[in-house]
Amino acid sequence: MEKLKNIITCLKPSEVRLVKEFYQARQQSGSKRLQLFELVLAHQNLTDEHASTIIYKHRPDSSFSQLKRRLKDDILTVLMNCPVEKAYQSENIKAEFKARKMLMQGKILL
């Protein structure tokens, strides 16, 4: 859960909005991934046990691990595929976003 929390808490408000729009566009506004995303945003000290109890009504198991992995993949997909011109207006922020995308791509390739 720590890696997922770190990814989500590092997102800027505009990136959070993009992730939420991604789920709305896919018509999965009530999806478990979005529910987990919003739980992590709302609760800094969220544990696997607490999140799994809220979402699945039981202790964490392989389905919860899959849910966390899929959410992380979705977040990275949104950030990697989002056209910078759509997300930001400021040239400085566009340049920072491009640099962050290249850094993530490098980490993925390593």
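Colleague: How many Å² does the accessible surface of the protein chain come to?
Modeller: Accessible areas come from the Shrake-Rupley method with a 1.4 Å probe, and for residues only the protein chains shown count as cover. Here the surface is about 6,900 Å², and carbon and sulfur atoms hold 53% of it. This is a predicted model: local features need pLDDT of at least 70, side-chain atom pairs count only at pLDDT 80 or more, and totals for chains, interfaces and linings use all residues. Residues are numbered from 1 along each chain as its sequence is written, and side-chain values use heavy atoms, with hydrogens and water left out.

Colleague: How many helices and strands are there?
Modeller: Helices (H or I, at least four residues) and strands (E, at least two) are DSSP runs, numbered from the N terminus. The protein chain has seven helices and zero strands.

Colleague: At what angle do α2 and α5 pack?
Modeller: Axes are lines fitted to C-alpha atoms, for helices over the stretch in contact, and angles run from 0 to 180 degrees between N-to-C directions. Helix α2 (residues 13-25) packs on helix α5 (residues 62-81) at about 110 degrees, with the axes 10 Å apart. Angles under 35 degrees count as roughly parallel, over 145 as roughly antiparallel, 65 to 115 as roughly perpendicular and the rest as oblique. The two helices, α2 and α5, are therefore roughly perpendicular.

Colleague: Is Tyr-23 buried or exposed?
Modeller: Buried means under 20% relative accessible area, exposed over 50%, partly exposed in between (1.4 Å probe, protein chains only). Tyr-23, in helix α2, has a relative accessible area of 0% and is buried.
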